[in-house]
Amino acid sequence: MLGTVLYGPRDVRFEERDIPKIVKPTDAIIRLSATCICGSDLWPYRGIQAVAQPTPMGHEYCGIVEEVGREVRNIKPSQFVVGSFAISDNTCVICRDGYQSSCLQREFMTSAQASLVRVPLADGTLVATRDLPPKELIPSLLATSDVLGTGWFAADAANVKPGSTVVVVGDGAVGLLGVLSAKQMGAERIIAMSRHESRQKLAREFGATDIVTERGDEGVARIKELNNGVGADSVLECVGTQESMMQAIKSTRPGGYMSYVGVPHGVSLDGEQLFFAEVHLHGGPAPVRRYLPELIKLVLNEKINPGKVFDLTLPLDHVAEGYRAMDERRAIKTLLRP
Ligand SMILES: [Zn+2]
């Protein structure tokens with residue numbers, strides 16, 4: 001079997017790998033219907049996050065169950081399933097509280113940019129659909145696995161409610177789906193911070209009412225100008241840099257909510273600034289598993305079309321070009337067809 005391995009900065013190879021097998025009785029093997037490249041894959045790809053050894057890549061996945069271990073009860077061969085990028089038992093005290101991405105048995109998914117993948121803790125991690133979904137819904141179902149689940153968590157953690165004023169910092173796929181999520185949750189005004197025309201267009205399509213192109217303190221001033229001199233009720237930080245974190249905190253009104261779902265790189269926060277900002281902060285790796293049943297239902301009922309973030313589709317063996325296109329911002333997100 002061929003799979004994707006990152007050897008070092010900008011060195012992605014599609015090469016021969018062992019066929020995944022059941023290792024533990026709670027595992028399942030999935031034949032992927034589609035997989036994709038995540039914005040977070042770009043951190044090691046760009047060398048910002050060191051790669052110590054050749055690393056199998058890919059953590060967003062959906063497909064058909066090939067085989068299950070002898071202790072798997074709910075997931076069955078031939079079912080179509082979607083799983084979270086975080087492996088969880090969905091039964092421990094943390095999972096029951098809705099934080100499956102910090103499950104006591106958590107592992108992070110890997111190796112999914114391939115044609116077959118092993119999913120540990122299959123009963124807890126995977127959600128099966130009743131029937132095989134139509135082909136045209138596969139991209140949107142794949143999106144629920146991470147990028148939509150993360151955007152949804154960003155909106156939920158930022159307390160988006162009917163009538164809220166929302167700011168989304170970051171116009172990557174997660175930020176754009178944060179806009180879609182805020183719209184679904186009934187936000188009245190959604191301000192997307194973006195400088196890229198094609199992304200602004202998609203943000204508007206997903207429900208953004210305003211676009212702010214300024215960044216940093218200028219961006220914050222523009223947000224306040226649009227909002228009677230104060231920050232927004234809810235701000236979603238979907239990048240993970242020092243500048244974007246500060247822009248998000250300063251764009252939140254006192255008493256408001258700021259969520260952060262971009263994996264932070266080199267971010268440090270000043271205690272005094274936090275103290276006087278007086279905002280609720282909540283973020284982390286999104287507990288996608290909590291939202292999967294609801295998100296899958298919204299996709300199957302064609303209420304949302306998050307698959308639109310995939311503006312490049314390539315055969316899986318062209319994966320290296322998929323990384324290049326996202327790195328150079330020629331593509332928002334690359335879908336890979338095994
Ligand atoms: Zn758990």
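User: How many Å separate the centres of domain 1 and domain 2?
Analyst: It's 26 Å, taken over C-alpha atoms. This is a predicted model, where local features need pLDDT of at least 70, side-chain atom pairs count only at pLDDT 80 or more, and totals for chains, interfaces and linings use all residues. Residues are numbered from 1 along each chain as its sequence is written.

User: Which residues go in which domain?
Analyst: Domain 1 is 2-146 + 287-337, and domain 2 is 150-283; the bounds come from an automatic or database domain assignment.

User: OK, new topic: helix 7. Which of its residues are buried?
Analyst: Arg199, Leu202, Ala203 and Phe206 are the buried ones in helix 7 (residues 197-206). Buried means 20 or more other C-beta atoms, placed from the backbone, lie within 10 Å of the residue's own. Helices here are DSSP runs of H or I, at least four residues, and strands are runs of E, at least two, numbered from the N terminus.

User: Why are they on the same side of helix 7?
Analyst: Because they cover an arc of only 105° around the axis, going by the directions from the helix axis to the C-beta atoms.

User: And what do they pack against?
Analyst: Helix 6 (173-184), strand 12 (189-193) and strand 13 (210-212), with contact meaning C-beta atoms, placed from the backbone, within 7 Å.

User: What order do the strands of the open sheet come in?
Analyst: 13-12-11-14-15-16, 6 strands with parallel pairing; two strands pair if DSSP finds at least two bridges between them. Strands 13 and 16 (280-283) stand at the edges with a single partner strand each, so one side of each has no neighbour in the sheet.

Terms used:
Buried ≥ 20, exposed ≤ 12 C-beta atoms within 10 Å, placed from the backbone. Contact = placed C-beta atoms within 7 Å.
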